[in-house]
There are 4 protein chains.
Amino acid sequence: MSTKKIDIYPKEECGVVAVYKQKQAANLVYLGLHALQHRGQESAGIISTDGNHLFRFANMGKVSEVFSENKLRQLQGDVAIGHNRYSTTGSSFLRNAQPIRMESKFGSIALAHNGNLTNSWKLRLELEKEGSIFQTTVDTEVIVHLLARSKETTFKAALIEALTKIKGAFSLLALTKDALYAVRDVNGFRPLVLGKKAGGWVIASETCALDIVDAKYEREVKPGELIIIEDNELKSFFPFEKCKESLCIFEYIYFSRPDSTIFSRPVYDVRLKLGATLSKEFPVEADLVMPVPDSSTVSALGYSTESGIPFHIGLIRSHYIGRTFIEPDQKIRDFGAKLKYNAIEAVVKNKRVIVVDDSIMRGTTQRKIVKMLRSCGAKEIHVRISSPPTLYPCYYGIDIPTKSELIASTHTLEEIKKYLRVDSIAYLSIEGMSEACGGGHNYCMACFDGNYPVPLDSDSADSYSNQKTLFEEYEVEEN
Amino acid sequence: MSTKKIDIYPKEECGVVAVYKQKQAANLVYLGLHALQHRGQESAGIISTDGNHLFRFANMGKVSEVFSENKLRQLQGDVAIGHNRYSTTGSSFLRNAQPIRMESKFGSIALAHNGNLTNSWKLRLELEKEGSIFQTTVDTEVIVHLLARSKETTFKAALIEALTKIKGAFSLLALTKDALYAVRDVNGFRPLVLGKKAGGWVIASETCALDIVDAKYEREVKPGELIIIEDNELKSFFPFEKCKESLCIFEYIYFSRPDSTIFSRPVYDVRLKLGATLSKEFPVEADLVMPVPDSSTVSALGYSTESGIPFHIGLIRSHYIGRTFIEPDQKIRDFGAKLKYNAIEAVVKNKRVIVVDDSIMRGTTQRKIVKMLRSCGAKEIHVRISSPPTLYPCYYGIDIPTKSELIASTHTLEEIKKYLRVDSIAYLSIEGMSEACGGGHNYCMACFDGNYPVPLDSDSADSYSNQKTLFEEYEVEEN
Amino acid sequence: MSTKKIDIYPKEECGVVAVYKQKQAANLVYLGLHALQHRGQESAGIISTDGNHLFRFANMGKVSEVFSENKLRQLQGDVAIGHNRYSTTGSSFLRNAQPIRMESKFGSIALAHNGNLTNSWKLRLELEKEGSIFQTTVDTEVIVHLLARSKETTFKAALIEALTKIKGAFSLLALTKDALYAVRDVNGFRPLVLGKKAGGWVIASETCALDIVDAKYEREVKPGELIIIEDNELKSFFPFEKCKESLCIFEYIYFSRPDSTIFSRPVYDVRLKLGATLSKEFPVEADLVMPVPDSSTVSALGYSTESGIPFHIGLIRSHYIGRTFIEPDQKIRDFGAKLKYNAIEAVVKNKRVIVVDDSIMRGTTQRKIVKMLRSCGAKEIHVRISSPPTLYPCYYGIDIPTKSELIASTHTLEEIKKYLRVDSIAYLSIEGMSEACGGGHNYCMACFDGNYPVPLDSDSADSYSNQKTLFEEYEVEEN
Amino acid sequence: MSTKKIDIYPKEECGVVAVYKQKQAANLVYLGLHALQHRGQESAGIISTDGNHLFRFANMGKVSEVFSENKLRQLQGDVAIGHNRYSTTGSSFLRNAQPIRMESKFGSIALAHNGNLTNSWKLRLELEKEGSIFQTTVDTEVIVHLLARSKETTFKAALIEALTKIKGAFSLLALTKDALYAVRDVNGFRPLVLGKKAGGWVIASETCALDIVDAKYEREVKPGELIIIEDNELKSFFPFEKCKESLCIFEYIYFSRPDSTIFSRPVYDVRLKLGATLSKEFPVEADLVMPVPDSSTVSALGYSTESGIPFHIGLIRSHYIGRTFIEPDQKIRDFGAKLKYNAIEAVVKNKRVIVVDDSIMRGTTQRKIVKMLRSCGAKEIHVRISSPPTLYPCYYGIDIPTKSELIASTHTLEEIKKYLRVDSIAYLSIEGMSEACGGGHNYCMACFDGNYPVPLDSDSADSYSNQKTLFEEYEVEEN
């Protein structure tokens, strides 16, 4: 039976790109989405406009699978927005693929959204009571219905009205036949950067998407800022009530690409410092420092440089892992980790090794990696984590397990050490992390300290869940 | 460029089936849809219920292509409804495939609809102004939104309220977890029949769908009747304002299967009489009578029997024609007709032949058939049409071209004769047709006489069209 | 487990077409294959030549599914051959799709073949012993290997040498860059006709394939004739030892299209006479004559005309049946027949009906049809078969069951009558059939009289089967 | 026009795996192929045996795409072989996918082959003259035909006879119902390793495929060795004439995985030494050492360690590149390299950087990388190559361009420096490379020094090409 049951709290990690006034804008958006592929690999979509119509294509899969030359050619016009989506739940339906298009009294409108709303179920319930019919389970559709029901007479006013009603994290792109809109929530949870390219603009989640299309990085879209680009002119507005910034620190720790600049700071520099600080806080005598590739490579380098202990590649990561992999009946030791990693005996045999990783969620993968290193003859294994213990889930768009699944939330450091079977383990301190990220107090570190800048409206989600069967629940799948 | 432009007046011919309280109801609905395949071959869908959930699958294609054993198995439960769709326009998108499912305060609801509303664009415009967002271009979605916005507290009341607002032709099936609903519009344009099968009921567009599942024909669902089957009990209601019946006479002429009984009369009998009456009205001396297969076979038999002129198969029809056929650069004479028909020289050579056809729309196919018969040596060709000249389009669900394309609407009989290059041509009279159908005055013959029982709300459609781009207009196609 | 086990005696029914010197020849071959679709619906293929190269495309499916405009465009040149294949066994693999192409010392060669060899297993065994490696299970590959091993220096000589070694039924087309070859075996089992089209030629299994491309029927390719068309000139050779003709009479009874002319006689005329003779031999008092559509329609008309008993359509045949159809757990009476046929109560109720059918193999379908007619109220049912009892299998390309499955081979006429539950049953006499077909003694009637003109080399097939696992046996299927 | 033209010299890089006596052997082979994915990503296939039958599945695509759980389940038995294929030419047809299966007098036989024969065209020509018909363009089929034509009475003898006739590089696996065969050519060009797993054996191209299935590395299969595993016993034979070893040194430089041990030496160690020797031979003052990831990472580490200059990640490599990527009309500077690499300004700005790469073929990618680094502000760029100049093509299975395309073959060092626009460039010496690889003289370095241990039989290839059109040349593609 392959009908799908969806999670009531869909969490989404996404990448967004917009290109304004560039010949064949869809083609550049496609390249930008390729650069942001790490932010979402389940679906990809582009909506473009030639000033008369909005053209749309979206499908399940990676960017290179979704778009053909023929499809890009049909996405006409010199303005376009795109979206990569990663759903952390089972509800990876095609119709959830973004950007979303709607017809409205303001004409055709396209929306692409990165983030997670905290009051979407409450709003959804209210809208459904008034007769709105939902087609997807993505937060973006709540915004769509708020726009459709707005009594405002301009799209700008309706957009501001709708965004005032929603709460949580959003870096949003909107497209009409005449203008491009980009908004970042007042807390600024998710990154959004602005670039310039001869005669036009490029907006994207990270600067690596500017690099690939030869756009020059200008600045961040600021928390609470609404940018409207119309008639080749960029205007900036701040229509929302101000509040304290709370930039997602996990973008630095793990999620963003090391070649990107976000929140006005190169990720590479931050990670080097995370590693160096970790070395200062928790030094240990050893023969080599090695990363769990790829996300920990730079912080491991930082650790090595600071400590003077040689850097080595003790684990090889395979990049050929598809969506599913079949486990043999005849059990392979540490199967899941083995598909992805292989330890190198020539590197670790009879060595005291420091293994640097960015974070530990459940601890299961790390445990398998340690076993692999042991069976290759590692003499001592010291785990160093370039962030504090992950103790709380995220409500703003990062896929972090629930509290009960987080090993650091349910076990002491000593217990974790035993579980992983390592000679020592240490986590970077909150202060050390904060300092490495510039020392400011403008970060959201809720996953580490439990201080949620915007509370989750969880009651409505539960009551919604009690009242309703989501339409996706019993859809018979294509295959 | 393969973006699709849709027609503002989507015309739909459809078949619907419902099965109540039969083990594996979806499987029986599937067979019923197979029997109704002639009513729509573009998409097929089934929604079933096990009393707890509604299960849905629909896709583009014929019934045998859409459903696999695995899919039918997942459509659980002992109540189900199904739908075959033929769209006469380009907008044959998957999301237009029925049955439609919606989540509402009444729980999950499924709808399948055969017919054409005459005020759907007006209602659509009003609903959109109030913030409803449409996802398809099918009339059924108008009903869905009316239901979603109803302030009634029971589904029955909301359904009656919604159906009171719509105008035109509809034979509608609705399904909730608890009950099955069947409604036929007050004019009774489209057929809908009720059958009994041990322990349950079957409802379908034509009796051939009852035959295939061994259900016994009971009676028609009556014009204006609402049937509710709940807790194994069938209740009948007449909640709508009565009006004069106007059954679609074209179902007898062409559309229904010759082995069906609709409007309480066997189609075979009616067609035999149409042919016999035609022979009485327009006799001609000839060597043989031949039909344009398959729809005219029975009326040709009627003509032959009445006239005493031998019946022969002078044209073979191919049943292997797929969705598209590729014309060679090197032109083949009468290419389109030749793919479908081949004339038999052994039958027509040196013969005076009477060709019986059910109707003439543009006349292009008939012209090619006549050429084929001539090139096979037919000495005389007399065309006899078993219905009056088709002069007007249909607004109630039959795919008839616009007035300007209808040859009988723009040309005299003499001109048609010349265009077809035949020795004589004659159409059955309106009186003859009426008499063959039972003589009653309860038929809609608008395509022949222009008397539309329910006027088309065309102003709203045009104004809708002027204001809006339909969302489907610039969707980039999958292939 | 879906690995396939193949039958050691693959039987094949096929259609072949060749077009010489016509612009875009592949396009015309495609139309010819469409007209011959009834001869094989499992795979279709075309090989064309532009004088320099041979272009090939073949795939599983019907002609309209296999070829797109794009593919036809790539099949360049003004000479082409095509093939429709129906395999009567499970081995319907793609690589069995014809035409076959080979590279040889004579250059590229294409082969398309209709018929069944009687010594293919013996030849295969010999060839494999000498080191030939077979890739398919089709007879045609035996010819390919004989050509590859020939010591002759011209393709014509090698072809004659190879064809001299094979025995059985074949209507063969071959194509090189320079010439088109057509051969019919000395017995002339399968039909093959020659047509003329301005500036070129068309060769096909039946004349209906000439009609669709506007080619004019010239004559049969004669038994034992080798036609070579080269440099725009057609040459005829008779290089094989003569023997008595044995044209397949079953092509008239059932297999060929009623609008074709084969063996120099229109199929329609023959079928009318089969019906008329049947009426003379086995008259019966009744209210109506009805065919089992579509293959028996013309002979039923012949019976009706001769007897004066009215002709009616008492069974409707569905043309929407796909490759598989799913039977419900909840059994439907006469399920298999019901998918294909529906009886019309309005026609048969309280009537004495004569049901004309072309032949009875296992009798299962006829039994179900009789049940359907009974449940529609038929008072008397008299079955009349327009051929003699089918008693023996065919080794020359017609899909007739084994002797033990043939009802007439294992039961008396009285038993068959009881099994079918009919009031009377009668088969046409061998003399009556022979006379209707022109009275000559040049037909193969082996399925009726057991006189096989060419014996099956069955020992070698069995010994082959004992020694070897066929490579197809354990191929894991794609789906 | 998408008919394919193939190269007359198909070069293939491949990975092979065999598993003997392990429950569900196909599942382990599948994991081994996953570990060897870097050796070939165009097609993957497995043949297994349960002692009675050989089961086969192969398809185009990566391992994780080709095999489903269902397919692996059908590949029954406890012995299996598998193959990954990368074709360097256009002829990536499905039927070229390995392992190949043949039926022969020795029963069913499966073959999987890594390497390139130097006399395959000559043998092919001879075999075709004698009547063999080839179905693929892979070398393996030559072996298949030699086996089919052998007069030997045992498979072992026939295999030895066939392998004695072929010349060049081959690491071959063969499978019958009863036994597993592994052979490495007398020169030992390609690696092949033997591992042990409780109760059975595993043989693979590299040790990383042993690691993933928990097999313990035992030893290399030796040059000229034939291993037969039958009745749970491994026997070793050396039936071929001995000759000097010539192991492919390029496996160390680039092709093998850094976590593998081949030719009895860990690849990681060799690469570290290549980098260290390079630093000793060509030191330069600079701020950082960076690799062109991923293949040069270890040698860059070696350079950094030896020189004491800090190691950094100055280029990020994307792992999401699909088979094709669409270039915008609006040209992107250094498009091809940009899809794969992005330079990090935070790392290289105002720095003197040493870029370590493993080899330079055409130089085009390196030129683009240098441009990227310059535009990120690198002050000086010094390129260091961890192998000597690549001057000659490879005939033994590595995809190296022709001499005229190799920049080092057609340009001086000074010209290359100018073309790449770098401040300095240096290649490792042949002696330095040789020493890093263990100093022995048993390597094939033909791509560097032009000393080909086995000459290419190129005359026959050319004459073959002159005489024949390969059958694949004008196959119309599926899409």
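Analyst: Domain bounds come from an automatic or database domain assignment, and on that basis chain A is divided into domain 1 (12–246 + 467–474) and domain 2 (265–318 + 330–443). This is a predicted model, in which local features need pLDDT of at least 70 and side-chain atom pairs count only at pLDDT 80 or more, while totals for chains, interfaces and linings use all residues. Residues are numbered from 1 along each chain as its sequence is written, and chains are lettered from A and ligands numbered from 1 in the order in which they are written.

User: How do you know which residues of domain 1 of chain A are in contact with domain 2 of chain A, and how many are there?

Analyst: Two residues are in contact if their C-beta atoms, placed from the backbone, lie within 7 Å, and by that criterion 13 residues of domain 1 of chain A meet seven residues of domain 2 of chain A. The centres of these two domains, taken over C-alpha atoms, are separated by 34 Å.

User: Why are β20 and β21 of chain C called paired?

Analyst: Strands are DSSP runs (E, at least two residues; helices are H or I, at least four), numbered from the N terminus, and two strands pair if DSSP finds at least two bridges between them. Strand β20 (residues 352–357) and strand β21 (residues 380–385) of chain C have six bridges in the parallel sense, so they are paired under this definition. Within this pairing, C:Ile354 has C:His382 in β21(C) as its bridge partner.

User: What makes β17 and β22 of chain C edge strands?

Analyst: The open sheet of chain C consists of four strands in the order β17-β20-β21-β22, with parallel pairing. In chain C, β17 (288–291) and β22 (424–427) each have a single partner strand, so one side of each is left without a neighbour in the sheet. Neighbouring strands of this sheet are turned by 20 degrees against each other on average, direction ignored, where axes are lines fitted to C-alpha atoms, for helices over the stretch in contact, and angles run from 0 to 180 degrees between N-to-C directions. Helix α10 (residues 297–307) of chain C packs on the sheet, touching β17, β20 and β21 of chain C, and its direction makes about 165 degrees with that of β17(C).

User: Which strands of chain D form a hairpin, and in what sense do they pair?

Analyst: The hairpin is formed by β5(D) and β6(D), with two residues between them. Strand β5 (residues 100–104) and strand β6 (residues 107–114) of chain D pair in the antiparallel sense over five bridges, and D:Arg101 has D:Ala110 in β6(D) as its bridge partner.
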